[in-house]
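Visitor: I have a chain open on the screen and would like a quick tour. Can we start with the overall picture and then go to the details?

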Amino acid sequence: MWSGRTALRQLQRIALAPSGVTGGATAKMQREMSTLQRVYVTRQIPPEGLKILQESGQVQFELWDSDDVPVPRKELLQKVKGADGLLCVLTEKIDAELLDAAGPNLKVISTMSVGYDHLFLQELKKRGIRVGYTPDVLTDAVAELTVALLLTTSRRLVEATHEAKTGGWGTWRTLWLCGYELANSTVGILGLGRIGVAIAERLAPFKVKKFIYTDVAPRPELAGAINAEYVSLDELAKQSDFLTVCCALTPETREICNESLFSKMKKTSIFINTSRGGVVNQEDLYQALSTGQIAAAGLDVTVPEPLPTNHPLFTLNNCVILPHIASASYTTRNAMSALAANNLLLGLRGQPMIKELKL
């Protein structure tokens with residue numbers, strides 16, 4: 001398993017060789033530039049990825065030079081015309097309209113994300129377009145953030161900070177701002193992959209009594225690393241003191257966390273989601289939290305994103321919502337950028353990508 005730092009060092013050393021543009025005459029360089037493959041980059045990606053593209057000697061690229069505002073759809077449809085490759089992020093919908101606008105030259109799409117629900121995979125498969133993505137390099141960062149969100153929620157840190165700032169901190173009280181401990185608890189993992197394992201590894205020193213998980217099928221090799229027991233979804237809900245959602249968003253998992261699941265959970269349970277917002281029915285979650293069916297929830301992902309500030313979930317003291325920052329460390333975002341750039345260049349060369357979706 002790559003850590004962010006290890007992955008970044010390896011990706012920096014891949015050193016995709018320049019395509020022969022050395023110290024020759026300017027005219028020669030201009031001729032070679034005219035034959036380079038054309039790439040559009042939909043965001044001002046972190047510097048390690050841009051450096052790889054710039055130093056490859058393989059492509060000429062143009063980018064939407066902003067990290068604050070996504071490229072407008074109209075602009076994107078114009079810029080992709082005739083492109084050989086596209087490096088995008090999860091805010092761009094890569095659908096039939098965009099692929100039609102790009103035209104037949106487009107052979108490779110590289111997304112700087114582990115999720116790919118913004119990509120219309122059937123359209124890409126039909127057109128023979130290869131897809132690279134960036135799993136694994138963000139495992140450590142997501143696991144760390146999940147633990148941070150779990151502790152923040154279970155120990156009511158946001159509420160406590162507010163009380164300290166606004167004068168609510170008065171005399172010592174026996175049950176004021178009490179939360180729930182990890183020691184001797186059962187932690188449930190919905191969707192056991194590398195991130196789920198990494199979360200369990202970080203929680204184990206807190207003296208968790210038991211790890212349980214559910215998935216489409218038992219995963220004994222991964223489960224063995226954390227001594228986790230496979231259970232049904234119903235049992236996961238019933239037994240978990242802390243339930244962490246780590247599954248991908250698929251037709252089968254869409255809104256899998258709904259009234260049925262919440263109704264089976266303990267009233268003292270903490271629900272954490274750092275996977276995709278679409279796996280949760282947010283109306284059902286609001287009801288579960290507002291009625292005391294479950295104790296609290298921590299979310300790094302929502303539907304939509306950003307979640308409107310007037311959404312009912314924001315009115316609840318027992319719900320902590322973050323703006324999708326699980327992979328937001330400098331090391332991890334640079335590693336994702338470098339991996340996306342390398343995937344793109346390798347794909348354009350017709351070579352195996354480091355991380356490629358099998359369509």
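Visitor: How many helices and strands are in the protein chain?

Guide: The protein chain has 14 helices and 13 strands. Helices (H or I, at least four residues) and strands (E, at least two) are DSSP runs, numbered from the N terminus. The radius of gyration is 23 Å, close to the 21 Å that the globule rule gives for 359 residues, so the chain is as compact as a globular protein of that length. That radius is taken over C-alpha atoms, and the globule rule is 2.2 Å times the number of residues to the power 0.38.

Visitor: What should I know about the model before going on?

Guide: This is a predicted model, where local features need pLDDT of at least 70, side-chain atom pairs count only at pLDDT 80 or more, and totals for chains, interfaces and linings use all residues. Residues are numbered from 1 along each chain as its sequence is written, and side-chain values use heavy atoms, with hydrogens and water left out.

Visitor: What share of the residues counts as buried?

Guide: Of the 359 residues, 48% count as buried. Buried means under 20% relative accessible area, exposed over 50%, and partly exposed in between (1.4 Å probe, protein chains only).

Visitor: OK, on to the sheet. What is the strand order in the open sheet of 7 strands?

Guide: The order is β8-β7-β6-β9-β10-β11-β12, with parallel pairing. Two strands pair if DSSP finds at least two bridges between them. β8 (228-230) and β12 (319-321) are the edge strands, each with a single partner, so one side of each has no neighbour in the sheet.

Visitor: How many bridges join β7 to β8?

Guide: There are 3 bridges between β7 and β8, which run parallel. Tyr-213 stands opposite Tyr-230 in β8.

Visitor: And β4, which way do its residues point?

Guide: In β4 (residues 108-111), Val-108 and Ser-110 point one way and Ile-109 and Thr-111 the other, and all are buried. β4 pairs with β3 (residues 85-88) in the parallel sense over 4 bridges. Val-108 is the bridge partner of Gly-85.

Visitor: Switching to helices. Which residues of α9 are buried?

Guide: In α9 (residues 194-203) they are Gly-196, Val-197, Ala-198, Ile-199, Ala-200 and Leu-203. These buried residues pack against α7 (139-154), β6 (186-190), β7 (210-214) and α10 (220-226). Contact here means heavy atoms within 4.5 Å.

Visitor: Where does Pro-304 lie?

Guide: Pro-304 is in the loop between β11 (296-299) and β12, and Pro-306 lies in the loop between β11 and β12 as well.

Visitor: What about phi of Asn-184?

Guide: Phi of Asn-184 is near 65°, a positive value in a residue other than glycine. Asn-184 sits in the loop between α8 (157-166) and β6, and is exposed, with a relative accessible area of 60%. Glu-255 also has a positive phi, of about 55°, and is partly exposed at 37%.

Visitor: Last one: where does UniProt put the NAD-binding domain?

Guide: The unreviewed UniProt entry places "D-isomer specific 2-hydroxyacid dehydrogenase NAD-binding" at residues 147-326. UniProt positions are given in the numbering used here, feature names are shortened, and annotations may be inferred rather than shown by experiment. Over residues 147-326 the chain is 32% helix and 16% strand.
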